[in-house]
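Dear colleague,

Please find below the structure that I am handing over to you. After it, I set out what was found, in an order that can be followed with the model open.

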Amino acid sequence: MGSVRGTALVSTVMAAVLLLTGCAQEMDDSAPPEPAASRTAPTTEPTRTPTATATPTPTATTPPIAQALPDTVNAGTVASGVSASASATGPSNVAFHTEGAFAVVIELDCSACTGTATVTAPGRMSPFGRATAPLKGSFLTAVMRDDAPDQTVIVDAQGPWSVTMRSWNDIPSVSGAQSGTGPAVLFLGDDVPHVSVDFTPANADDSFSGRVFTTSDQPKIFGNTEAFAEQFDVDLPGVMAIQTNGTWTVTPVP
């Protein structure tokens with residue numbers, strides 16, 4: 001494999017704040033890397049809410065107008081074997097309820113959108129992900145211990161969109177090399193100690209970020225701002241979240 005160029009980021013995520021099936025004693029009813037079994041733990045980190053439309057300057061005859069906030073749509077309940085869905089046009093909050101200990105995968109269909117689509121949550125300083133529209137892609141919510149059952153995500157997009165939210169235990173297990181373009185969440189079911197990543201950016205401003213969560217309690221985060229082909233030590237099976245606009249191939253390696 002070629003060496004990584006550019007700004008490479010490789011780090012181990014603190015296990016103390018992450019919940020992965022088999023990793024957290026408090027939640028032993030789910031676990032990411034067992035095919036068709038449970039994985040576990042999700043939740044949120046800090047971020048900020050997108051605000052909409054600027055308000056007109058008040059005049060002597062016009063009272064101040066309150067700034068518009070995103071609409072809220074209710075997606076329903078996410079549980080084992082149960083997904084929730086919602087749709088809207090433009091920036092909106094999506095409220096949903098979770099039953100169980102798991103991270104939530106957000107599948108966004110923004111194929112009729114323009115500009116950049118962002119998926120985040122109230123109070124976060126960085127989004128779960130963003131990508132250039134039109135797009136269809138998946139995003140993983142934060143994987144932490146203290147998620148409340150009632151949650152909200154924000155879809156900041158220009159145009160009509162729809163989302164489906166499901167437990168990461170319910171996404172299909174895949175085996176062998178996987179290729180794609182744009183953001184994705186994969187459940188890599190191969191029982192191997194490494195994963196190789198080949199990445200080609202969409203443009204000069206593109207980058208790659210990979211987050212891998214496994215039941216071995218050794219999650220990893222890695223990425224690069226340039227094209228690369230590199231192998232990483234990752235104790236699969238596990239769930240991998242990919243954030244990019246570019247093209248990638250992910251291959252489990254013995």
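**Aromatic pairs**

The count of aromatic pairs comes to six, where two rings pair if their centres lie within 6.5 Å. Please bear in mind that this is a predicted model.

One of these pairs is formed by Trp168 and Phe213, with 6.2 Å from centre to centre and 55 degrees between the planes. Planes under 30 degrees apart count as stacked and those over 60 as edge-to-face, the rest being tilted, and this pair is therefore classed as tilted. Trp168 lies in the loop between β10 (160-167) and β11 (173-174), while Phe213 belongs to strand β15 (residues 208-214), so the pair ties together parts that are 45 residues apart in sequence. Are these two residues buried or exposed? Trp168 has 0% relative accessibility and counts as buried; Phe213 is also buried, at a relative accessible area of 2%.

Phe222 sits in strand β16 (residues 220-224) and Phe232 in strand β17 (residues 228-233), so that the pair links parts of the chain 10 residues apart. Both Phe222 and Phe232 are buried. They also belong to a cluster, in which ring pairs link them with Phe199, Phe208 and Phe228.

Ser167 is found in strand β10. With a relative accessible area of 1%, Ser167 is buried, since buried means under 20%. Which backbone atom does the side chain of Ser167 reach? It is the backbone nitrogen of Asn169, at 3.0 Å. Leaving aside residues up to four places away in sequence, Ser167 touches Val78, Ala79, Phe102 and Ala103.

**The chain as a whole**

The chain has 19 strands and zero helices. It consists of 254 residues, of which 47% count as buried. Among contacts between residues at least 6 apart in sequence, 72% join residues at least 24 apart. The chain exposes about 11,600 Å², and carbon and sulfur atoms supply 51% of that area.

Yours sincerely,
A colleague

Conventions: Residues are numbered from 1 along each chain as its sequence is written. This is a predicted model: local features need pLDDT of at least 70, side-chain atom pairs count only at pLDDT 80 or more; totals for chains, interfaces and linings use all residues. Side-chain values use heavy atoms; hydrogens and water are left out. Helices (H or I, at least four residues) and strands (E, at least two) are DSSP runs, numbered from the N terminus. Buried means under 20% relative accessible area, exposed over 50%, partly exposed in between (1.4 Å probe, protein chains only). A polar contact is a pair of N or O atoms within 3.5 Å; within protein, one must be able to donate a hydrogen and the other to accept it, and residues adjacent in sequence count only if both atoms are side-chain atoms. Contact means heavy atoms within 4.5 Å. Accessible areas come from the Shrake-Rupley method with a 1.4 Å probe; for residues, only the protein chains shown count as cover.
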